[in-house]
Amino acid sequence: MLKRHLRRALQDMRSNRMLSLVTISTFALSILIVSSAMLFFVNMGDIMDGWRQGIRVMAYLQEGLNATDRSTLKVRMESLYGVQQADFVPKAQALERLRTQMGRQTSILDNLDSNPLPDAFEIQMIAASQSWDKVEQLATALEKLEGVSEVEYGQRWIKRIINIFNLFQLTGTVMGALFFMAAVFIVGNTVRLVLYSRREEVEIMRLVGATEQFILAPFYFQSLIQAALGGIIGLAALFMMYMLIQSRITTDMATAFFQPRFLSPLTLLGIVGCGMLVGWLGCHLSVKQYVKA
Amino acid sequence: MTAEADHAALIRLFHVHRHFHATRALTDITLDFYRNEFLFVTGPSGAGKTTLLKLLYRGEVASQGQILVDGMNLARIPRKKIHLLRRKFGIIFQDYKLIPTRTVYENVALVLEAAGRKSDYIRKKVQSVLRIVGMDKRQDTLPPNLSGGEQQRVAVARAVVGDPTIILADEPTGSLDAESAGLIIKLLKTFHTRGATVIVATHDRELIRSIPGRIIYLQEGRLTSAPTV
Ligand SMILES: Nc1ncnc2c1ncn2[C@@H]1O[C@H](COP(=O)(O)OP(=O)(O)OP(=O)(O)O)[C@@H](O)[C@H]1O
Ligand SMILES: [Mg+2]
């Protein structure tokens, strides 16, 4: 029975080639757009997780503090809420760090007469309290301490980026929903058109004793096949785009701070599955309407 | 009418009316059809022959009255069970009603596929029926590429392939030449002897003369006892 419906569905698609192609392309495009948004968010999420783990608060000290001042400061800092540990970083060590970070371009540093960097405390936060609000509060508290000239935490712009990212995520979700509805509509329309062009055939099938289920099953199969094909094509296109962009990223930025990754096989399967669900839904709505009419 | 005859009635119409707005296609028809009868429904054009046949398989719904087919009350069949009624019938339509985009074989096989038969059975059965109507050599042809007589033979094949209890034929020889008509008559006889109840709507006197059977006269939607014209 299943084989008959499948064969019928494929025959229907072949005889309505243009319509099928339009439907499959719509699916491919919708899936491409939605999945590229997902890919973007997955990778952005990775980047921001990296940033979040690396939240490091630096408190730069005023000139001329002695060892006693520094140890009182350390005690006071460590008593602040959310602070796990405060480590003194003398300016010589800071310069050394900078030197290793800059790698081959250290010649600029070699020409310096004296070390321009201030002494500092590097403050590590308790993991659980690493939210941006907490970091901000801590920074204000640190700034008020005597002997602290300036506080720097991570990069302040991260926060702004995260806000933008959240906005993107919202837009992405809304767009996904819109494409979802468009896809339902398009499949529904395809099925409706085919059904109406086959009115006579459907009527004949009814007259020779076919059940509604027998008559309509091929339409469901057709929608599922079109959705699946569209999904696979959309994801294939996404993968090609990804490969193209990925090769650029790794050569241009040459950094290890971020390893781009593609959507997991399970996610890909889920996307195709969702697409098929949409196909089924669109078909179902049209069929229900047709049967009633 | 005896109780025995009552028992044998396969189809019963009881004060059946069918009108389309002002047109009275059928008026007060009370009629029994018996198992394995060969029946002719005849009368002038517009008398309501086609409408009468349509009522039997619920191609039309009676405006008034009761119709029983093989124990089913047609007024009470839910939409979801109509296919059970239709499977009792093999219908040869006036306009054949073959699906133009499907081959001869597919058109005939459709009946058995819809009934959920196994592929092996379908293949054998369809081929044997196509052989009986002499269309086995044309099984891969599309209906529009067939002559009227050939299409009618395919229609007959489709009507009988499901071994129906009742065969309905609406003007089965209407537009055919004598030879094709003769073949159709022969086929209808064959399936009648095999046990089917055959109901033929026609005004082809040649056809009526060629097969012994009960004749029902319709005129302006009413049963009349005497032959008209
Ligand atoms: N769907 C319909 N809508 C309106 N009128 C109809 C409909 N079907 C049949 N009629 C009318 O009912 C009457 C009987 O029609 P029917 O087709 O049953 O006649 P018939 O005896 O089969 O005629 P013919 O020999 O020409 O086939 C006619 O007057 C016809 O116009
Ligand atoms: Mg007629």
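I began with a term: a salt bridge is a side-chain nitrogen of Lys or Arg within 4 Å of a carboxyl oxygen of Asp or Glu. This is a predicted model, so I noted its limits: local features need pLDDT of at least 70, side-chain atom pairs count only at pLDDT 80 or more, and totals for chains, interfaces and linings use all residues. Residues are numbered from 1 along each chain as its sequence is written, chains are lettered from A and ligands numbered from 1 in the order in which they are written, and side-chain values use heavy atoms, with hydrogens and water left out.

**Entry 1: where the chains meet**

I looked up the salt bridges between chain B and chain A and found a count of 2. In a salt bridge, the side chain of Arg7(A) meets that of Glu113(B), at 4.0 Å from N to O. I also looked for polar contacts, meaning pairs of N or O atoms within 3.5 Å; within protein, one must be able to donate a hydrogen and the other to accept it, and residues adjacent in sequence count only if both atoms are side-chain atoms. The rule gives 6 residue pairs in polar contact across this interface, both residues being at pLDDT 80 or more.

Which elements of chain B give two or more residues to the side that touches chain A? I noted helix H3 (82-86), helix H4 (104-114) and helix H5 (119-132) of chain B. Helices here are DSSP runs of H or I with at least four residues, strands are runs of E with at least two, and both are numbered from the N terminus. H4(B) gives the most to that side, with 5 residues.

Next I counted contacts, which means heavy atoms within 4.5 Å. On that basis 23 residues of chain B touch 16 residues of chain A. I then looked up the buried area, the accessible area (1.4 Å probe) that two parts lose on being put together, summed over both. Between chain B and chain A this is about 1700 Å², and carbon and sulfur atoms give 58% of it. Arg86(B), Arg102(B) and Glu113(B) supply 29% of the area that chain B buries against chain A, more than any other three residues.

**Entry 2: chain A and one of its residues**

I found 10 helices and 4 strands in chain A. Buried means under 20% relative accessible area, exposed over 50%, and partly exposed in between (1.4 Å probe, protein chains only). Of the 293 residues of chain A, 38% count as buried.

I picked Val202(A), which lies in helix H8 (residues 199-207) of chain A. Is Val202(A) buried or exposed? Val202(A) has a relative accessible area of 4%, so I wrote it down as buried. Leaving aside neighbours within four places in sequence, Val202(A) is in contact with Leu195(A), Ile215(A) and Tyr290(A). I also checked Val202(A) against Leu117(A): they are 85 residues apart in sequence and 84 Å apart in space, C-alpha to C-alpha.

**Entry 3: a helix of chain B**

I turned to helix H2 (residues 49-56) of chain B, which is mostly covered, with 6 of its 8 residues buried. Those buried residues are Lys49(B), Thr51(B), Leu52(B), Leu53(B), Leu55(B) and Leu56(B). After H2(B) comes Arg58(B), with a positive phi near 60°.
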